[in-house]
Amino acid sequence: MAIIIDGKATSLAMKEELKGKIDAFISQTGVTPGLAVIIVGNNPASAVYVRNKENACAAVGIHSETFRLAEETTEEELLALVRKLNADEAIHGILVQLPLPSHISEEKVIASISPKKDVDAFHAENVGHIMIGNYHFLPCTPAGVMALLERYGIEVAGKHCVVIGRSNIVGKPQAMLLLEKNGTVTVCHSKTKNLADITRQADILVAAVGRARFVRADMVKDGAVVIDVGINRLADGTLCGDVDFEAVKEKAYAITPVPGGVGPMTVTMLLYNTLTAAKESLK
Ligand code: NAP
């Protein structure tokens, strides 16, 4: 049976460490790191994520302000709020909770956030920094995966890392980060042929597909490390990942559960990015 990679415990430990760093930063500089979170509309999942972020900020000593905007907010109104926050010295990080209502361009809104306050690392300027390996912020979910691998002593260098999924927020940056750590990386997607033949070669398999129990045991090599980024809600309301956890844990060397794996790490990495943004603002 595999080692269960405990994202909840790891994120608690990392938040504890971060709290100490934030206390020290505040006493040295007199500056409290500040995060603005904007949510537009009534998506219930987004509302839960935003509440989690508020609670996490409070727990580590980050000042947070949440802007809850109505579904019918116009793109210009949202852009005006971002511009105001870009100029607000008490705010070091700005996060616009996605998805946005369909009448608002996510691309335009992301582009309007100051790259220095873009703690999600979605702005093209920050994506470019990641490509050349010279960055301040990493996107939270892939960074959380890397932190789990590091804290569990899982070496990436020389390993065949297979990422299923190529979204801008998970799959693509995940592939870049594994490459930066000297993994040999294969990225798979919906047009990939013979997917199982490729995933069976993976020493480290990252699933970011968005399909419940998509990765079956026969797609996994004995002794592989399996990281499940997926969050899927089943008909009975329970959460499940992209990996058939019960079957795959019998084959893998280590595996992340859902919930309690990658999910808790995402918010933790956002908090780290906010402290980084506050430090950078003083340079
Ligand atoms: P996404 O934008 O929908 O991307 C899904 C990716 O999976 C796409 O690249 C797609 O390929 C690929 N895919 C779909 N069907 C496939 C198939 N049959 N075979 C191979 N590849 C296939 O999703 P996302 O935003 O990356 O999120 C992925 C999952 O992670 C979701 O469950 C999401 O809820 C979860 N998530 C979790 C966290 C967290 O904090 N843990 C954060 C973000 C996302 P194409 O590009 O060809 O369409």
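The dialogue below treats one feature at a time.

Student: Which conventions apply to this model?

Tutor: This is a predicted model, in which local features need pLDDT of at least 70 and side-chain atom pairs count only at pLDDT 80 or more, while totals for chains, interfaces and linings use all residues. Residues are numbered from 1 along each chain as its sequence is written, and side-chain values use heavy atoms, with hydrogens and water left out.

Student: Which domains does the chain have?

Tutor: Domain bounds come from an automatic or database domain assignment. Here the assignment gives domain 1 (30-114) and domain 2 (140-262). The C-alpha centres of domain 1 and domain 2 are 29 Å apart.

Student: How should I read burial in a helix, and which residues of H7 are buried?

Tutor: Two terms are needed. Helices (H or I, at least four residues) and strands (E, at least two) are DSSP runs, numbered from the N terminus. Buried means under 20% relative accessible area, exposed over 50%, and partly exposed in between, with a 1.4 Å probe and protein chains only. In helix H7 (residues 171-180), the residues Gly171, Pro173, Gln174, Ala175, Leu177 and Leu178 are buried.

Student: Where does a residue other than glycine take a positive phi?

Tutor: Asn182, in the loop between H7 and S6, has phi near 70°. With 53% relative accessibility, Asn182 is exposed. Ala121 also has a positive phi, of about 60°, although it is not a glycine. Ala121 lies in the loop between H4 and H5 and is buried, at a relative accessible area of 4%.

Student: Which peptide bonds are cis, and where do their prolines lie?

Tutor: Pro99 sits in the loop between strand S4 (93-96) and helix H4 (106-112). Another runs from Val258 to Pro259, with omega near 0°. Pro259 occupies the loop between strand S11 (254-255) and helix H10 (262-281).

Student: How many salt bridges does the structure hold, and how are individual pairs read?

Tutor: Side chains of opposite charge can pair when their charged atoms come close. A salt bridge is counted when a side-chain nitrogen of Lys or Arg lies within 4 Å of a carboxyl oxygen of Asp or Glu. The structure holds 11 salt bridges. One of them joins Asp23 and Lys19, at 3.5 Å from N to O.

Student: Why are Asp23 and Lys19 separated by about one helical turn?

Tutor: An α-helix has 3.6 residues a turn, so residues three or four places apart point the same way. Asp23 and Lys19 are about one helical turn apart because they are 4 residues apart in helix H1 (residues 7-29). Asp23 is partly exposed at 40% relative accessibility, and Lys19 is partly exposed at 30%.

Student: Which salt bridge links distant parts of the chain?

Tutor: Asp203 and Lys221 meet in a salt bridge of 2.6 Å, N to O. This pair links distant parts of the chain, 18 residues apart: Asp203 is in the loop between helix H8 (195-199) and S7, and Lys221 in the loop between S7 and strand S8 (225-228).

Student: Which residues are linked in a network of salt bridges?

Tutor: Glu246, Lys249 and Glu250 form such a network. Within it, the closest N and O atoms of Lys249 and Glu250 are 3.4 Å apart. Lys249 is buried, at 11% relative accessibility.

Student: What surrounds Asp118, and which side chain of opposite charge is nearest?

Tutor: For charge, Lys and Arg count as positive and Asp and Glu as negative, while His and the chain ends are not counted. Asp118, in the loop between H4 and H5, is buried yet has no salt bridge, and the nearest side chain of opposite charge, Lys116, is 12 Å away. Leaving aside neighbours within four places in sequence, Asp118 is in contact with Ile94, Ile113, His123, Asn126 and Phe137.

Terms used:
Contact = heavy atoms within 4.5 Å.
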